[in-house]
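Subject: Structure handover

Hello,

Here is the structure we talked about, with its sequence. Please look it over before reading my notes below.

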Amino acid sequence: MLIKTLPGWALPESAATPESLFVNRRRLIMGLAAGSMLAGAAPVLASLARAEDDPNAGLYPAPRNARYVLDRELTSEDDATTYNNFYEFGTHKKVWKAAQKLPIRPWEVVIDGMVEKPITIEADELIARMPLEERLYRHRCVEAWSMAVPWTGFPLSALVDFARPLGGAKYLTMRTFQNPDVARGQGQSWYPWPYTEGLTIAEATNELALIVTGIYGKPLPKQNGAPLRLAVPWKYGFKSVKSIVRFEFTETRPSTFWEEIAPDEYGFWANVNPEVTHPRWSQATEKVLGTGESVPTLLFNGYGEYVADLYDGLADQRLYA
Ligand SMILES: Nc1nc2c(c(=O)[nH]1)N[C@H]1C(S)=C(S)[C@@H](COP(=O)(O)O)O[C@H]1N2
Ligand SMILES: [Mo]
């Protein structure tokens, strides 16, 4: 029935331009959003998805949101995509080649826990339903290096709305895939895989919290966390979990990857603060990726006007490490 209303779908892929395929797919998805017939249509989408083809490629570059401005030059695309932290593929910075082994289609995303109705959705479908925009954000790694990049993505708050969490939900837990066959780092069993991160619901619905799907006006490369990763620029970079497969709403605070490894060094809140030293190094300055320049680190990485009030009344918490 859906196919009858969308004759373009009957074309073999070879007869359709990528653009028309995309438009048709998007139209179908729009229709589904109205009719909420997601479950029934999933096999249709799956049968059209050719391995590693990006049906959303036409969404890039997305319009830039001028609200988020930088105080510094953008990092070069080459630097941001070849100097990475992604422990699943190794504990060094040159993981970009190893990360190409990660299969990202199909990519099922589970949204569950304290929600009205748990759902499983293909990442490509989820992305097509969300409002994509480009934002220039700073990124401050806890290791005291930083970059500034044009992410493409959608507000995490849009996903929270889509998920319809129950009133009792207090935290959103996000987890990375688990696939030690391709992610050789996951063979190191002393790490608490899968990489897990969490935010309070107030943090997750703050306007800055972004689910990233692209960078430099293109779909996100695997080494940067394709197909979906978080960007919470007021927190140390390790909070920005990559290659997410599950969003779980919970009443209790999750135990996060780095907190489990070294709770004295990497806590749950991990808000950037130049005055709170890491047990092993100062956080007062940061080295800018690419130029190597050392610049002062800012409280909340410069995003205090957006987020400082999230922490009112939480002075008893270890908010900055
Ligand atoms: N799954 C997963 N997510 C992760 C990491 C990781 O090792 N695994 N590293 C984190 C750290 S420490 C940083 S600084 C950023 C790095 O993101 P980038 O490589 O896109 O710059 O990803 C974060 N997200
Ligand atoms: Mo980091």
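Predicted model: local features only at pLDDT ≥ 70, side-chain atom pairs only at ≥ 80, totals over all residues.

Strands. Strand β1 (residues 108–113) has two partners to look at. With strand β2 (residues 119–122) it runs antiparallel, and 4 bridges join the two. Together β1 and β2 make a hairpin, with 5 residues between them. In this pairing, Val109 is opposite Ile121 in β2. With strand β10 (residues 244–250), β1 pairs in the parallel sense, again over 4 bridges. Here Ile111 faces Phe247 in β10.

Core. The largest nonpolar core contains 84 residues, and Trp151, Leu156 and Phe247 have the most contacts inside it. Helix α7 (residues 156–163) supplies the largest share of this core, with 6 residues. Beyond its neighbours within four places in sequence, Phe247 is in contact with residues that include Val109, Val110, Ile111 and Asp112, as well as Leu156 and Leu159. Leu172, Met174, Ile211 and Leu228 are also among its contacts.

Ligand. There are 18 residues around ligand 1, and Asn84, Tyr87, Glu88, Ser240 and Lys242 come nearest. A polar side-chain atom of Asn84 is 2.9 Å from an oxygen atom of the ligand. An N or O atom in the side chain of Glu88 lies 2.8 Å from a nitrogen atom of ligand 1. Ser240 uses its backbone: a polar atom there is 2.9 Å from a nitrogen atom of ligand 1. On its own, ligand 1 has 530 Å² of accessible area, and the protein covers 98% of it.

Regards

Technical notes
Residues numbered from 1 in each chain as written. Chains lettered and ligands numbered in written order. Heavy atoms only, no water. Pairing = 2+ DSSP bridges. Core = buried A, V, L, I, M, F, W, Y, C linked by side-chain atoms within 4.5 Å. Buried < 20%, exposed > 50% of the residue type's maximum accessible area, 1.4 Å probe, protein only. Contact = heavy atoms within 4.5 Å. Near = heavy atom within 4 Å. Polar contact = N/O pair within 3.5 Å; in protein donor to acceptor, adjacent residues only side chain to side chain. Areas by Shrake-Rupley, 256 points an atom, 1.4 Å probe, with all protein chains shown as cover.
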